[in-house]
Amino acid sequence: MPESKSRKTGSKASQAAKADRAQLRAERRAQEQEPGPLPAWYKAIMFGLMIVGLIWIVVYYLAEGLAPIPQAGGWNIGIGFGIACVGFLMTTRWR
């Protein structure tokens, strides 16, 4: 039974070009710097907003709608939840 011909892997020039591209990619990755840590105030504001939002909702329930903003009525829950959500969204950028 005859043997099949082996596949040609390409010319040495194309192999050298592939090696050059791989080396360039590796150099680019090495040059890319990871973003540094965030400033200290970022964490304080992040947790602060989450706590302020929680306190806002708790005060609304404990004051039976008379505080923090009586004219807002039930929207006080939305305001407190919105403040807390901004804090939670900040956690996505926290390093």
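**Aromatic pairs, helices and a loop in a predicted model**

Three aromatic pairs are counted in this predicted model, where rings of Phe, Tyr and Trp (its six-membered ring) pair if their centres lie within 6.5 Å. One of them joins Tyr60 and Tyr61 in an edge-to-face arrangement, with 5.7 Å centre to centre and 65° between the planes. By definition, planes under 30 degrees apart count as stacked, over 60 as edge-to-face and the rest as tilted. Tyr60 is buried at a relative accessible area of 14%, whereas Tyr61 is exposed at 54%. Buried here means under 20% relative accessible area, exposed over 50%, and partly exposed in between (1.4 Å probe, protein chains only).

Because the model is predicted, local features need pLDDT of at least 70 and side-chain atom pairs count only at pLDDT 80 or more, while totals for chains, interfaces and linings use all residues. Residues are numbered from 1 along each chain as its sequence is written, and side-chain values use heavy atoms, with hydrogens and water left out. The mean pLDDT (the predictor's confidence in each residue, from 0 to 100) is 87 for the protein, and 93% of its residues reach 70 or more. Helices (H or I, at least four residues) and strands (E, at least two) are DSSP runs, numbered from the N terminus.

Helix α2 has 23 residues and spans 33 Å from its first C-alpha to its last, close to the 33 Å expected at 1.5 Å a residue. The expected span is 1.5 Å times one less than the number of residues. Tyr42, Met46, Met50, Gly53, Ile57 and Tyr60 are the buried residues of α2. An α-helix has 3.6 residues a turn, so residues three or four places apart point the same way. The buried residues of α2 pack against α3, contact meaning heavy atoms within 4.5 Å.

Glu64, which follows α2, has a positive phi near 55°, a value found here in a residue other than glycine. Glu64 is exposed, at a relative accessible area of 71%. Pro68 also lies in this loop, between α2 (40-62) and α3, and the peptide bond from Ala67 to Pro68 is cis, with omega near -5°.

In helix α1 lies Arg25, which counts as partly exposed because its relative accessibility is 42%. Arg25 and Gly80 are 55 residues apart in sequence and 48 Å apart in space, C-alpha to C-alpha.
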